[in-house]
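Work through the exercises below with the sequence and the 3D structure at hand. Try each task before reading its solution.

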Amino acid sequence: KVHEGFKTMQVSRIDIFDRIHAKLDVLISNAETNYTLARRLVKIFGAGPYSASYLLRRCQKVINSKEAFGLELRYLKLKAKILRGSSSNVPFTLVGTAVEGPISPSPSSSSESVSHGMRDENKGPKDGVQELLKLSKHLRSKEKSCTNAIPLIQRLINMAYLFGMLEEAAVLGEWVVDIFLGFVESGDEAHKMSLVKSRIDHVKLLIAAGQKPRSVDVAKANVEMCREEAKGMPRRWLPLLAEALRNQSAAFHNSGNHEEEISALVESVDAHGRHAECDDGPTSFHSVHYQPDHLSSTLALALNDLSARFYILSRYTEAIDASKASLALYQNLVDTPSKDALPGLAASYETLSSSLIALENHDDAIAALEKSTKGYSKLAKDQPATFLSEFARVGKKLCDQLTQCGRYDDALKVLDDVICLHRDFIADDIPSLLADLAACLTIKSTKLCLLLRYEDALTAATESVSTHRRVTPATGAVKANLAFSLDGLAWSLHKLGHDNAALLNIDEALRSLSSIKDEVEPSCYESVKQACLRTQTICLAQLLRKEKATKVQMEIAKAESTMCQENSGMDANQVAELSIVSRGLHKIGSSTSHQLLLEKYPKLLDL
């Protein structure tokens with residue numbers, strides 16, 4: 001009746017929703033009725049944040065009841081569906097993560113529903129994900145082998161991964177593995193293959209969550225299983241063995257075991273070669289795995305990984321050979337329907353550029369990076385959640401190379417392309433994308449300062465600072481980056497003659513740094529702090545605050561002299577004091593006094 005009469009009623013949709021909700025609390029106690037009525041209400045009122053909050057509260061009333069597991073699973077599915085609606089401000093799907101089944105946002109709910117949801121206790125999609133994860137734990141304790149739950153678990157993994165809840169995503173990944181383990185004893189080959197793939201996904205999640213030993217153990221168990229199966233059925237199992245080995249190499253890499261990592265990658269390439277022999281008759285391995293005739297994206301990917309690991313071990317010539325072999329395969333694949341070709345091609349060009357840079361072949365490195373950036377740009381437009389960060393990273397790398405070669409205008413154009421694309425797709429609750437955008441703006445500001453374009457640099461620095469402030473949670477690394485952006489903003493202000501405003505930004509940067517001293521790497525902390533102190537000194541000197549400027553300069557000199565105090569025979573304070581006096585005498589042109597000071601303290605001259 002509410003639905004039929006809605007168009008003629010002079011009351012808001014949310015008020016009707018509130019009235020129904022109040023009545024249901026009194027009248028409805030049966031779980032099945034709650035479920036059915038909740039679905040109908042959501043259909044009428046849309047899947048906005050308010051509806052999501054309503055259903056979270058409504059379902060909690062019966063979730064601990066003795067209803068059948070199937071009904072609880074239906075609740076979880078419905079809650080996930082509504083939560084997806086409340087996440088509709090995220091304008092993309094998460095594609096290419098460790099699991100299949102990416103989330104596609106539901107159509108946006110009405111603006112009225114969204115605005116009224118702000119007065120509800122629902123705090124946003126991330127809080128809803130946490131509620132769903134709690135519910136999934138409850139379900140897991142009751143039923144561990146429900147295959148019907150797998151698509152939903154994968155969706156939850158995707159959501160948890162999207163919102164940075166990596167530990168929870170890894171736990172859910174283990175649940176999928178446990179479900180398939182329960183079926184492996186039957187000897188069914190399909191279940192065994194599903195187990196291998198679920199373990200590969202689980203290893204990726206464990207790596208993302210920082211669980212190094214666990215990721216290595218799971219990867220090793222997976223490889224051993226594939227080896228055993230490949231002995232009897234090589235044609236079917238060798239590709240899976242190759243993939244499991246590449247997965248294992250990633251776990252070794254994450255644990256810092258580079259020799260084992262290289263060994264796993266070489267065996268992975270070998271497995272691809274043996275599979276090619278199974279398909280095409282007896283062919284020697286060495287004539288196969290570098291042959292572009294075998295259009296295998298997984299082989300190309302393994303070769304690219306091998307190139308990257310050779311680069312880490314400074315084996316640059318071998319790295320370049322592997323990259324070229326990978327590129328030959330990808331270039332044959334790029335015009336095919338294979339969805340892996342373009343990402344792989346872009347990654348291979350970037351890997352090749354690293355070795356070329358190490359060998360100081362900058363022209364070829366820039367050419368490779370330009371091709372990589374072009375590929376990632378196309379991918380980022382289609383799949384921003386997966387490829388925007390990669391586009392930003394490779395774009396910054398290209399920008400650095402162009403700058404080193406004196407091509408400043410080209411470097412700025414690359415940065416502008418990255419920034420514009422981020423602005424098109426950025427979402428407030430995706431911290432990594434905000435951080436990428438802010439970093440690119442900071443770099444742009446620095447480049448503009450080098451070109452003496454201080455007004456433009458100020459604009460970029462201001463946007464960088466405001467973007468950094470939007471990144472949550474405010475971790476130590478985020479605060480350090482904010483401090484660095486504030487220093488860039490202060491420098492632009494100083495160059496434009498606004499030293500007082502510059503000092504305000506530097507003060508904020510130093511306060512931010514003082515609160516994170518134990519949260520970031522000491523080298524990072526010191527480098528940002530010294531940059532801020534130098535800018536502060538210059539601004540203070542410009543304002544003729546000589547006494548305070550000298551005090552700050554003393555702090556800088558102390559830091560600079562700490563490393564040499566053991567060799568000098570003087571403590572840090574003495575070295576710093578004499579250093580400042582020496583600099584001061586030199587700057588005011590008192591060369592005689594300067595010379596006398598150096599004669600009195602000859603070790604100062606050595607320093």
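Two residues are in contact when heavy atoms of theirs lie within 4.5 Å. The model is a predicted one, in which local features need pLDDT of at least 70 and side-chain atom pairs count only at pLDDT 80 or more, while totals for chains, interfaces and linings use all residues. Residues are numbered from 1 along each chain as its sequence is written, and side-chain values use heavy atoms, with hydrogens and water left out.

**Exercise 1. The chain as a whole**

Task: State how many helices and strands the chain has, and what share of its residues count as buried.

Solution.
- Step 1. Helices (H or I, at least four residues) and strands (E, at least two) are DSSP runs, numbered from the N terminus. The chain has 29 helices and 0 strands.
- Step 2. Buried means under 20% relative accessible area, exposed means over 50%, and partly exposed is in between, with a 1.4 Å probe and protein chains only. Of the 607 residues, 48% count as buried.
- Step 3. Take the contacts between residues at least 6 apart in sequence: 65% of them join residues at least 24 apart.

**Exercise 2. The surroundings of A160**

Task: Locate A160, decide whether A160 is buried or exposed, and list its contacts beyond four places in sequence.

Solution.
- Step 1. A160 belongs to helix α8, which covers residues 150–162.
- Step 2. The relative accessibility of A160 is 0%, so A160 is buried.
- Step 3. With neighbours within four places in sequence left aside, A160 touches V129, L133, M165 and A169.
- Step 4. Q130 is 30 residues from A160 along the chain, and the C-alpha atoms of the two are 8.2 Å apart.

**Exercise 3. Helices α20 and α21**

Task: Describe how α20 and α21 cross, and which classes of residue make their contact.

Solution.
- Step 1. Two packed helices are described by the angle between their axes and the distance between the axes. Axes are lines fitted to C-alpha atoms, for helices over the stretch in contact, and angles run from 0 to 180 degrees between N-to-C directions.
- Step 2. The axes of α20 (residues 431–450) and α21 (residues 454–469) come within 8 Å and cross at roughly 160°. Therefore α20 is roughly antiparallel to α21. The cut-offs are under 35 degrees for roughly parallel, over 145 for roughly antiparallel, 65 to 115 for roughly perpendicular, and oblique for the rest.
- Step 3. The residues in contact include L434, L437 and L441 of α20, and A457, A460 and A461 of α21.
- Step 4. By class, this contact of α20 with α21 has 11 nonpolar, 5 polar and 3 charged residues. Ala, Val, Leu, Ile, Met, Phe, Trp, Tyr, Cys and Pro count as nonpolar, Asp, Glu, Lys and Arg as charged, and the others, Gly among them, as polar.
- Step 5. L452 is in the loop between α20 and α21. L452 has a relative accessible area of 61%, so L452 is exposed. Its phi is near 65°, a positive value in a residue other than glycine.

**Exercise 4. Aromatic pairs**

Task: State how many aromatic pairs the structure holds, and work out why the pair of Y311 and Y316 is called tilted.

Solution.
- Step 1. Rings of Phe, Tyr and Trp (its six-membered ring) pair if their centres lie within 6.5 Å; planes under 30 degrees apart count as stacked, over 60 as edge-to-face and the rest as tilted. The structure holds 2 aromatic pairs.
- Step 2. The ring centres of Y311 and Y316 are 5.7 Å apart and their planes stand at 50°, so this pair is tilted.
- Step 3. Y311 is partly exposed at 33% relative accessibility, and Y316 is partly exposed at 23%.
- Step 4. Y376 and F387 also form a tilted pair, with 6.3 Å from centre to centre and 40° between the planes. Y376 is in helix α17 (residues 362–382) and F387 in helix α18 (residues 384–404), 11 residues apart.
- Step 5. Y376 is buried at 4% relative accessibility, and F387 is buried at 11%.

**Exercise 5. S355 and E360**

Task: Decide whether S355 and E360 are buried or exposed.

Solution.
- Step 1. S355 is in helix α16. Its relative accessible area is 0%, so S355 is buried.
- Step 2. Apart from neighbours within four places in sequence, S355 contacts Y311, Y316, A319 and I320.
- Step 3. E360 is in the loop between α16 (341–358) and α17. At 63% relative accessibility, E360 is exposed.
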